[in-house]
Amino acid sequence: MAHFPVNHPARPLYRVLAGLVGLYILVFGVWGVFQTWGDPLFDRGSNWALGLRTNLAFSLVSVVFGVVLIIGASRRGNLGHYMNLTAGVVFLVTSILMMSVLQTSANFLNFSMSTVIVSMLFGLLLLGTGLYDKVGTDEHAEEERRKRQHPISEAGAR
């Protein structure tokens with residue numbers, strides 16, 4: 001089973017990073033909605049917002065994702081942990097899929113290569129923050145810490 005650190009000391013920093021990613025995505029989405037309002041939903045025009053190419057559909061999805069990430073970063077429980085893991089995977093998969101259809105008519109979100117790269121970076125950041133912001137009881141965290149520091153003595157005691 002995968003090992004997720006519990007109550008990592010840098011958890012507040014990871015939550016801030018996830019919140020900043022969410023804030024950028026929210027601002028990008030709002031800016032993109034203002035830029036593309038009145039265009040068709042899946043327009044393939046040359047609309048840019050904060051250095052990334054967009055259309056109305058991608059901007060609206062970005063607003064939703066930005067709000068979700070900010071909500072996840074503001075919660076103290078494991079909701080943010082699961083939201084960041086899920087959003088990281090979604091960003092990585094979406095960036096790879098959109099890169100594969102970049103120069104075709106299937107590029108319905110109007111991605112450019114810079115959008116693909118930023119989406120991959122955000123996916124990796126969110127996946128990393130999701131791996132280290134799990135919250136647990138103090139006893140559970142102490143047990144995990146003890147196992148990490150003395151793995152051989154714990155195995156011999158069984």
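**A pocket, a helix contact and a cavity**

In this predicted model, the lining of the largest pocket draws at least two residues from each of the helices α1 (11-36), α2 (56-74), α3 (79-100) and α4 (113-132). The space in this largest pocket comes to about 240 Å³, and among the 17 residues that line it, those closest to its centre are F58, S62, F91, F111 and S119. Sorted by class, the lining of the largest pocket consists of 13 nonpolar and 4 polar residues, with no charged residues.

S62 belongs to helix α2, and its contacts, once residues up to four places away in sequence are set aside, are with I25, L26, F28 and G29. Is S62 buried or exposed? Its relative accessible area is 5%, and because residues under 20% count as buried, S62 is classed as buried.

On the α2 side the contact is made by F65, V68, L69 and G72, while α3 contributes G80, M83, N84, A87, V90 and F91. By class, this contact of α2 with α3 holds 7 nonpolar and 3 polar residues, and no charged residues take part. F91, one of the α3 residues in the contact, is also named among the residues closest to the centre of the largest pocket.

Rolling a probe the size of a water molecule over the atoms shows where empty space is left. How many cavities of 30 Å³ or more does a search of the whole structure find? The search finds 1 such cavity, and the space in the largest cavity is about 40 Å³. Its lining is formed by R11, R15, G72, R75, R76, G77, G80, H81, D133 and V135, and the elements that give two or more residues to this lining are α1 and α3. G72 and G80 line the cavity and also take part in the contact between α2 and α3.

The class make-up of the two linings can be set side by side. The lining of the largest cavity has 1 nonpolar, 4 polar and 5 charged residues, whereas the lining of the largest pocket has 13 nonpolar, 4 polar and no charged residues.

Definitions and conventions. Residues are numbered from 1 along each chain as its sequence is written. This is a predicted model: local features need pLDDT of at least 70, side-chain atom pairs count only at pLDDT 80 or more; totals for chains, interfaces and linings use all residues. Side-chain values use heavy atoms; hydrogens and water are left out. On a 1 Å grid over the protein atoms alone, a cavity is a set of points where a 1.4 Å probe fits but cannot get out, and a pocket is an open set with protein on both sides within 12 Å along at least five of seven lines; lining residues have an atom within 4 Å of a point. Grid points are joined across faces, edges and corners, and a volume is the space filled by probe spheres set on the points. Helices (H or I, at least four residues) and strands (E, at least two) are DSSP runs, numbered from the N terminus. Ala, Val, Leu, Ile, Met, Phe, Trp, Tyr, Cys and Pro count as nonpolar, Asp, Glu, Lys and Arg as charged, and the others, Gly among them, as polar. Buried means under 20% relative accessible area, exposed over 50%, partly exposed in between (1.4 Å probe, protein chains only). Contact means heavy atoms within 4.5 Å.
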